[in-house]
Amino acid sequence: MAPPPEPAEQPAPAARVSRGLAVRERLPVWLQARCGVEPRTVAAVGVVLVAAVGFAAQQYWSGRPQPVTAPAVVAPVSAPVSAPAPAPGAGGSRIVVDVSGKVRDPGIRRLPAGSRVEDALAAAGGVRPGTDTGGLNRARVLVDGEQVLVGAPAPPAPGASGPGAGPLSLGSATADQLDGLPGVGPVLAQHIVDFRTERGGFRSVEDLRQVNGIGERRFADLRKLVRP
């Protein structure tokens, strides 16, 4: 008996169809319904998926946190500090005063500008024991060229009284001497001394008008009794 004939070899198109059906069965139902069974459609969908995954990966990578370097702190440049202006009469200048009377070591003393009567007394060795200093203002600021007389009545102010008395010098008179002028008390006398210290002296008797406390009437009483 003759053997049965061998089955004919399955044509190539049928094999391709079978493979397409197998791939189709692995796809989701919704994708099977939209894409059909064409292999080209399946390949196109795969390309789209790969592209989508690549795009999502690129977005994730570009949006990852980046290290931030803090800016360098720049210290502010401080403005140069200017030295304060020296006070009038300061800055190393000196004055010369005559300390006389009942002190241990009377004589000429050179003191820093702005010194007071107390400093002059200390420079002269101090006041002798038993000396009455009740009328001496130890806190008064000294001026160049004045005399500090301790324990003795001040000499009469020129022009204060008495016949033949000459005008009192505004540039060298002490506060006690100015106090002896008519209408000038201790406060006004100190104003005159302070004005002289600040302005560097009196250029004319008319400058006396600028002193605090001297009006026109008082100036008229003093103008013939004083000189610059």
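Helix 6, formed by residues 186-199, has 14 residues and reaches 20 Å from its first C-alpha to its last, close to the 20 Å expected at 1.5 Å a residue. The structure described here is a predicted model. Within helix 6, the buried residues are Leu 188, Ala 189, Gln 190, Ile 192, Val 193, Phe 195 and Arg 196. These buried residues pack against two other helices, namely helix 5 (175-179) and helix 7 (216-222). Just after helix 6 comes Gly 200, which takes a positive phi of about 75 degrees.

The structure holds one aromatic pair. In this pair, the ring centres of Phe 195 and Phe 202 are 5.2 Å apart and the ring planes stand at 35 degrees, so the pair is tilted. The reason is that planes under 30 degrees apart count as stacked and planes over 60 as edge-to-face, while the rest count as tilted. Both Phe 195 and Phe 202 are buried.

The charged side chains come next. The structure holds six salt bridges. In one of them, the side chains of Glu 206 and Arg 223 meet at 3.3 Å, N to O. This pair links distant parts of the chain: Glu 206 lies in the loop between helix 6 and helix 7, whereas Arg 223 lies in the loop between helix 7 and strand 5 (226-227), 17 residues apart. Glu 206 counts as partly exposed, because its relative accessibility is 35%, and Arg 223 is also partly exposed, with a relative accessible area of 41%. In a further salt bridge, the side chains of Glu 216 and Arg 209 meet at 2.5 Å, N to O. Salt bridges that share partners join Glu 206, Arg 209, Glu 216 and Arg 223 into one network. Is Glu 216 buried or exposed? At 53% relative accessibility, Glu 216 counts as exposed, because the term applies to values over 50%. Arg 209, at 33%, counts as partly exposed.

The strands may now be considered. Strand 1 (residues 94-101) and strand 2 (residues 107-112) run antiparallel and are joined by six bridges.

Another salt bridge brings together the side chains of Arg 109 and Asp 105, at 2.9 Å, N to O. Arg 109 counts as buried, because its relative accessibility is 15% and buried means under 20%. Asp 105, by contrast, is partly exposed, with a relative accessible area of 43%.

The last stop is Ser 169, which lies in strand 4 (residues 168-169). Ser 169 is buried, since its relative accessible area is 10%. The side chain of Ser 169 makes a polar contact with the side chain of Ser 172, at 3.3 Å. Which residues does Ser 169 touch when its neighbours within four places in sequence are left aside? Ser 169 is then in contact with Arg 227 and Pro 228.

Definitions and conventions. Residues numbered from 1 in each chain as written. Predicted model: local features only at pLDDT ≥ 70, side-chain atom pairs only at ≥ 80, totals over all residues. Heavy atoms only, no water. Helix = DSSP H or I, 4+ residues; strand = E, 2+ residues; numbered from the N terminus. Buried < 20%, exposed > 50% of the residue type's maximum accessible area, 1.4 Å probe, protein only. Polar contact = N/O pair within 3.5 Å; in protein donor to acceptor, adjacent residues only side chain to side chain. Contact = heavy atoms within 4.5 Å. Phe/Tyr/Trp six-rings, centres within 6.5 Å; stacked < 30°, edge-to-face > 60°. Expected span 1.5 Å × (residues − 1). Pairing = 2+ DSSP bridges. Salt bridge = Lys/Arg side-chain N within 4 Å of Asp/Glu carboxyl O.
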